[in-house]
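Visitor: I have a model open and would like to learn how to read it. Could you take me through it feature by feature?

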Amino acid sequence: MTELVEFARMNGLGNKILVVDMRGRTDKVTPAAAIALNADPATQFDQIMAIHDPKAEGTDAWIDILNSDGSKAQACGNGTRCVVQALSSETGRKTFTFQTVAGILNAVEHDDGTISVDMGKPVFEWDRIPLAEEFFDTSRIELQIGPIDAPILHSPSVMSMGNPHAVFWVDRDPMSFDLERFGPLLENHPMFPEKANITLAQVTSKSSLRTRTWERGAGLTLACGSAACAAAVSAARTGRTSRMVTIDVASSPVRQPLVIEWRADDHVVMTGPAEWEWSGKVDPQSGEFSRDDEAAANTPQRDEPEARVN
C-alpha cells in the first residue's frame, strides 16, 4: 500500500468535496482511487481537491481537481472555498493564491466565515468554450431538447468559467424539471466536444437567481460554484439581472445563498460558505481510507483510577 495521506470530507453549500493533502509528494490521486472513493457512501463526492506543492512563484499551492468519474476538472469554486477553509484552519492565514489548470485563483476568508474566490474572467468565444459549431453570439445558441414546436429546454447561454457551461433559462422552479433525465443527454451533446455543465436558471428578481445543475463528470449535484458564476454572468450579459446577484442553489440543503459579482474588471468573484465534516487518511493510489474518528473510537480507553477515600 502507498503511504497514506491526510484528507478531509467537506462541503461547499452541499457540494460534496474531498480535500486531499498531497504536499511533499510527486504522485497524484489516481482516477482509480477517485472512482473507489466515490463508490463508498461515506466518501461519495462531487470533486476531489488535491493540494500539491506550488509550481509557480507567488502561489501557495497547485490544486489538482478530479470529478467523481475519475476525469479531470478545470475549476471548482465550491471546492476552492473548502481548500481555503482547510488551509486557514491549519495556518491561521486568511488570503491564498492557487494555481489550477484553469489559471490563478485568489481567495480570502472573511471574519464571518464566508470565503470569496476570484474565479477569473469568463470566456465567450465559441472555439474557446469550446463548441463544435461556430456561433457569433454565444449568449443564445440554437440547442433544444423536447418537441420542436414545444421544447422543454432551449436556447441556452454558453460560456466557460475554466470549464464549459450551458445555462438554460426557465420560467418556473428548476426543481420541477427532470434534470436527472435531461442532464446526461445535454452534458454529452455533440455540441460540446469537452462535454458541459448544464444549469437551469430561474430569474427571481433583478438581483437574484434560483439554479440547479447537472455537473459534467459528477452528475446531479447539490451545488456547483462555477455553474453559479456562469448563471450570474449569463444573466447580466443578457440583461436579465444586474452584475451582482444572490443565487439560491435550489438543490442545496444549506439555505445560504451564494453572492456572485461580475466586476468592472471582468473578474467574477464568488462568496459563500464551506463546512468541515470529518477527516481521515487515504491511499491516493487505491482509494482505501480510514476515518480519524473511527480510529479514536476503536482505541481502548484506559480506566481512570477510582478516587480513594482516606
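Guide: Start with charge pairs. Side chains of opposite charge can pair when their charged atoms come close. In this predicted model, Asp 248 and Arg 210 meet through their side chains in a salt bridge, 2.5 Å from N to O. Asp 248 sits in strand 16 (residues 244-249) and Arg 210 in strand 14 (residues 208-215), so the pair ties together parts that are 38 residues apart in sequence.

Visitor: Is Arg 210 buried or exposed?

Guide: Arg 210 counts as buried, at 17% relative accessibility. The cut-off for buried is under 20%. Asp 248 has a relative accessible area of 24%, so it is partly exposed.

Visitor: Which other salt bridge does Asp 248 form?

Guide: Asp 248 also pairs with Arg 255, with the closest N and O atoms 2.8 Å apart. Arg 255 is exposed, at 53% relative accessibility. Now follow the shared partners. Asp 173, Arg 210, Asp 248 and Arg 255 are joined by salt bridges into one network.

Visitor: How many salt bridges does the structure hold?

Guide: The structure holds 16. One of them links Lys 72 and Asp 64, whose closest N and O atoms are 2.6 Å apart. Check the accessibility of each partner. Asp 64 is buried, at 4% relative accessibility. Lys 72 is partly exposed, at 45%.

Visitor: Next, the nonpolar side. What should I look for?

Guide: In soluble globular proteins, nonpolar side chains tend to be buried together. Here the largest nonpolar core has 46 residues, and Ile 247 and Ile 260 touch the most other members. Helix 4 (residues 225-237) gives the most to this core, with 8 residues. Both domains take part: domain 1 (5-109 + 274-291) and domain 2 (126-266) each provide at least three residues of the core.

Visitor: Which residues does Ile 247 touch?

Guide: Leave out residues up to four places away in sequence. Ile 247 then touches Leu 209, Thr 211, Ala 228, Ala 232, Pro 257, Leu 258 and Ile 260. There is also a second, separate core of 21 residues. Its members include Ile 141, Leu 143, Phe 168 and Leu 179.

Visitor: How is the chain divided into domains?

Guide: Domain 1 covers 5-109 + 274-291, and domain 2 covers 126-266. Notice that domain 1 is written as two segments. The C-alpha centres of the two domains lie 24 Å apart. Their contact takes 19 residues from domain 1 and 20 residues from domain 2.

Visitor: How do I read the interface itself? What is the area buried between domain 1 and domain 2?

Guide: Take the area, then its make-up, then the pairs. About 1300 Å² is buried between domain 1 and domain 2, and carbon and sulfur atoms give 46% of this area. The salt bridge count between the two domains is 0. Polar contacts are found across this interface, in 9 residue pairs.

Visitor: Which elements of domain 1 supply the side that touches domain 2?

Guide: Strand 1 (5-12), strand 5 (72-73) and helix 2 (77-91) each supply at least two residues of that side. Helix 2 has the largest share, 3 residues.

Notes
Residues numbered from 1 in each chain as written. Predicted model: local features only at pLDDT ≥ 70, side-chain atom pairs only at ≥ 80, totals over all residues. Heavy atoms only, no water. Core = buried A, V, L, I, M, F, W, Y, C linked by side-chain atoms within 4.5 Å. Buried < 20%, exposed > 50% of the residue type's maximum accessible area, 1.4 Å probe, protein only. Helix = DSSP H or I, 4+ residues; strand = E, 2+ residues; numbered from the N terminus. Domains from an automatic or database assignment. Contact = heavy atoms within 4.5 Å. Buried area = accessible area lost by both parts, 1.4 Å probe. Salt bridge = Lys/Arg side-chain N within 4 Å of Asp/Glu carboxyl O. Polar contact = N/O pair within 3.5 Å; in protein donor to acceptor, adjacent residues only side chain to side chain.
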